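Please look over the sequence and the model below before reading the notes that accompany them. The briefing is arranged by topic, so that each group of points can be checked against the coordinates in turn.

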Amino acid sequence: MLIKRNPNGIDIPFSSEITPRAVFASRRQFIRQIALGSIAGPVLAEMALREAFAQSPAAQKLPARQNPAFSATDKPTAYKDATGYNNFYEFGTDKADPARNAGSLRTRPWTVAIEGEVKKPLTLDIDALLKMAPLEERIYRLRCVEGWSMVIPWVGYSLSELIRKVEPNGNAKYVEFVTLADRKQMPGLRSPVLEWPYVEGLRMDEANHPLTLLTLGMYGEVLPNQNGAPVRIVVPWKYGFKSPKSIVKIRFVRDQPRTAWNISAPQEYGFYSNVNPEVDHPRWSQATERRIGEDGFFTRKRKTLMFNGYDVGSLYAGMDLKKLY
């Protein structure tokens with residue numbers, strides 16, 4: 001058995017006489033040993049977990065200024081949990097599937113087409129998106145409709161920066177987001193669990209709200225593949241499925257978009273999908289939530305906050321949010 005050193009300086013068992021599958025299995029076993037502390041201490045464990053779960057081709061730092069005005073004061077979720085417990089059905093329906101399978105996603109070259117009811121349609125590559133506006137780190141609460149939550153330091157800038165540059169015309173009432181659907185890269189597309197590609201949408205005032213984040217990174221690095229690399233949207237007052245991942249097209253449209261989960265189960269997933277503790281999902285109560293990382297036997301669930309604790313109620317003045325869920 002030989003020892004091969006990876007870029008992070010961690011020694012990985014390697015043998016040229018075994019198959020790539022066996023190499024990967026051995027590597028995973030070694031990383032698991034480190035994470036459990038049988039080989040090294042907490043520092044190496046965190047490095048190993050990042051190596052195991054960060055499925056981007058190469059983790060790159062993403063310098064950004066912190067924006068406390070838009071940041072929650074909650075303790076951020078551990079990196080290993082935020083990158084190892086995901087819903088990204090394009091890579092499988094189990095929570096661990098995206099971290100296992102998203103290494104097949106190629107995030108460069110990558111372009112996003114901005115089209116529809118705009119005066120200046122554009123096609124931008126990922127580098128142009130990174131340079132469009134100053135990057136900010138914002139710590140947002142993330143609430144899943146399944147009843148669990150996280151706190152994640154995202155990196156990006158308000159989507160309104162991009163909207164301003166393309167100049168929507170008077171016919172633009174909604175923004176539609178279309179995500180990548182490539183069977184060669186995304187094994188989960190073989191399942192008909194949803195209609196592909198995954199599509200989401202926002203009303204124009206929601207898209208222009210300063211909290212709506214065009215997201216390019218998290219935890220000070222580029223997005224890991226399983227978290228929606230290389231570009232996604234994060235809307236912190238809505239359930240997580242309203243924040244589409246791996247976006248390839250942004251369309252400004254007249255009519256309310258037909259979104260993936262609303263097509264699949266309209267009686268369960270409305271277009272707005274605002275976090276609302278008073279409106280339960282048929283399978284999950286929304287009154288409380290389980291914060292990932294606070295999973296002790298005696299840990300009480302947290303009370304869910306209206307709009308996930310964000311002051312956006314003025315967007316929905318006069319609306320019946322029990323009907324327009």
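The notes below cover a pocket, a strand and its partners, and some points of backbone geometry. The model is predicted, and every value quoted here is computed from it.

**The second largest pocket**

- The second largest pocket has a volume of about 470 Å³, and of the 29 residues that line this pocket, Asn87, Phe88, Gly240, Phe241 and Lys245 are the closest to its centre.
- Strand β7 (residues 148–158) supplies the largest share of the lining of the second largest pocket, namely four residues.
- By residue class, the lining of the second largest pocket divides into 18 nonpolar, six polar and five charged residues.

**Backbone geometry**

- Most residues other than glycine have a negative phi, and most peptide bonds are trans.
- A cis peptide bond joins Arg108 and Pro109, with omega about -5 degrees, and Pro109 lies in the loop between α4 (97–101) and β4 (111–116).
- The peptide bond from Trp196 to Pro197 is likewise cis, with omega near 0 degrees, and Pro197 is placed in the loop between β8 (174–179) and β9 (199–203).
- Tyr219, a residue other than glycine, has a positive phi near 55 degrees and sits in the loop between β10 (213–218) and β11 (221–222).
- Which category, buried or exposed, applies to Tyr219? Its relative accessible area is 15%, and because the cut-off for buried is under 20%, Tyr219 counts as buried.
- Ser273, which is not a glycine either, has a positive phi of about 50 degrees, and Ser273 is found in the loop between α8 (260–264) and β14 (288–291).
- The relative accessibility of Ser273 is 4%, so that Ser273 also counts as buried.

Notes
Residues are numbered from 1 along each chain as its sequence is written. This is a predicted model: local features need pLDDT of at least 70, side-chain atom pairs count only at pLDDT 80 or more; totals for chains, interfaces and linings use all residues. Side-chain values use heavy atoms; hydrogens and water are left out. On a 1 Å grid over the protein atoms alone, a cavity is a set of points where a 1.4 Å probe fits but cannot get out, and a pocket is an open set with protein on both sides within 12 Å along at least five of seven lines; lining residues have an atom within 4 Å of a point. Grid points are joined across faces, edges and corners, and a volume is the space filled by probe spheres set on the points. Helices (H or I, at least four residues) and strands (E, at least two) are DSSP runs, numbered from the N terminus. Ala, Val, Leu, Ile, Met, Phe, Trp, Tyr, Cys and Pro count as nonpolar, Asp, Glu, Lys and Arg as charged, and the others, Gly among them, as polar. Buried means under 20% relative accessible area, exposed over 50%, partly exposed in between (1.4 Å probe, protein chains only).
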